[in-house]
Amino acid sequence: MSPENPTGRPAGPPRRRSFTEDKILDLGQHRRQDEARRLRDLVSAFVLSGATDGERLPSDEEIAREFSCTRNTARIAMQMLVQENTIGRTAGQGTYANPRPLTWRTDRLLDQLKIDPAPLDHDYVLIGWRETTAVPTPMAALFDETVDRMAVFERVILYKGRAGSLRTYYLPLRPGDEFGRADANDDVFEIIESRFGHERLTADRQISAISADLSAAELLATEVGTPLLFIETTVREPGGTVVMIYHGRQRSDQVRIALEPSRGDL
């Protein structure tokens, strides 16, 4: 044994804390709690959505590699999912998926979404922006095959001057698609349609309840643990190709989502 190697065991390669120089979830603030919140949402959407009850899930290191972040960020994100009872962890056995909530139609009415206050009363505050070529494989599988990079940005939506929604956007970019920081604080749908040529867009949307973590609580000026609406939106072209994904957290004490049911074309 030597002072440099007191155990006498062969020295292995040092453990890496980060698996990429392009940390796609770091939007410039360098705050781990923000990155962990974004990663929690991506793991829920792209790992857990296809997992069955009891299925073994990737390790923290594998998650960090897939989504280009640090192991510590992955650990925090996965712990958030444990606290939500979305996943389970057993010492020596790893991480596994818990049963996902069922989705079903409760009645024979067609719901039309209504926002109160009206959209004209809101403004955007850009939190951060990044363009990256490190597109995670599960996301790239949904995008057009020519996509070679992705814009990731986040903004708080103010309703009558008060923070009401926090949204994180993932916008795939093809060669020739131009999207800069200034665009991230503009009408993104107008850019997608007029500049990028995507037309007749449709979307899948899921709404659930979630508690405000430290990151969301600070950005939405509320308390940790405050109930929020969690809204996952996937925007598609008619052929099914995904042209944008965004995740939102919304304060129900600032903004209400109302539904206007009707007996339309079901």
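Colleague: Is Tyr246 buried or exposed, and what is its relative accessible area?
Modeller: This is a predicted model. Buried means under 20% relative accessible area. Tyr246 falls below that cut-off and is buried, with a relative accessible area of 7%.

Colleague: Which residue forms an edge-to-face aromatic pair with Tyr246?
Modeller: The structure holds four aromatic pairs. In one of them, the ring centre of Tyr246 lies 6.4 Å from that of its partner, with 80° between the planes. Planes over 60 degrees apart count as edge-to-face, and the partner in this edge-to-face pair is Phe189.

Colleague: How many residues apart in sequence are the parts that this pair ties together?
Modeller: Phe189 belongs to helix 5 (residues 188-195). Tyr246 belongs to strand 9 (residues 242-251), so the pair ties together parts whose separation in sequence is 57 residues.

Colleague: Is Phe189 buried, partly exposed or exposed?
Modeller: The cut-offs are under 20% for buried and over 50% for exposed, with partly exposed in between. Phe189 has 31% relative accessibility, so it counts as partly exposed.

Colleague: Where do the buried residues of helix 5 sit around its axis?
Modeller: The buried residues in helix 5 are Val188, Ile191 and Ile192. They cover an arc of only 100° around the axis, so they lie on the same side of helix 5.

Colleague: Which strands do the buried residues of helix 5 pack against?
Modeller: Val188, Ile191 and Ile192 are buried in helix 5. The buried residues of this helix pack against strand 5 (149-159), strand 6 (162-173) and strand 9.

Colleague: Which residue caps the N-terminal end of helix 5?
Modeller: The cap involves a side-chain oxygen placed 3.1 Å from the backbone nitrogen of Phe189. That oxygen belongs to Asp187.

Colleague: How many of the residues of helix 1 are buried?
Modeller: Helix 1 (residues 32-46) has 15 residues and reaches 21 Å from its first C-alpha to its last. Its buried residues include Asp34, Leu39, Arg40 and Phe46. Helix 1 is mostly covered, and the number buried is 12 of its 15 residues.

Colleague: Which ring does the charged end of Arg40 sit over?
Modeller: Arg40 is one of the buried residues of helix 1. Its charged end sits 5.0 Å from the centre of a ring, and that ring is the one of Phe230.

Colleague: What covers the buried residues of helix 3?
Modeller: Helix 3 (residues 71-83) has 13 residues. The buried ones are Arg71, Thr73, Ala74, Ala77, Met78, Met80 and Leu81. Their cover includes helix 1, helix 2 (60-66), strand 1 (87-90) and strand 2 (94-97).

Colleague: Which residue makes a side-chain polar contact with Thr222?
Modeller: Thr222 lies in the loop between helix 6 (214-219) and strand 8 (227-236). At 18% relative accessibility, Thr222 counts as buried. Its side chain makes a polar contact of 3.0 Å with the side chain of Thr226.

Note on methods:
Residues are numbered from 1 along each chain as its sequence is written. This is a predicted model: local features need pLDDT of at least 70, side-chain atom pairs count only at pLDDT 80 or more; totals for chains, interfaces and linings use all residues. Side-chain values use heavy atoms; hydrogens and water are left out. Rings of Phe, Tyr and Trp (its six-membered ring) pair if their centres lie within 6.5 Å; planes under 30 degrees apart count as stacked, over 60 as edge-to-face and the rest as tilted. Helices (H or I, at least four residues) and strands (E, at least two) are DSSP runs, numbered from the N terminus. Buried means under 20% relative accessible area, exposed over 50%, partly exposed in between (1.4 Å probe, protein chains only). A charge sits over a ring if NZ of Lys or CZ of Arg is within 6 Å of the ring centre and within 35 degrees of the ring normal. The expected span of a helix is 1.5 Å times one less than its number of residues. The arc is that of the directions from the helix axis to the C-beta atoms. Contact means heavy atoms within 4.5 Å. A polar contact is a pair of N or O atoms within 3.5 Å; within protein, one must be able to donate a hydrogen and the other to accept it, and residues adjacent in sequence count only if both atoms are side-chain atoms.
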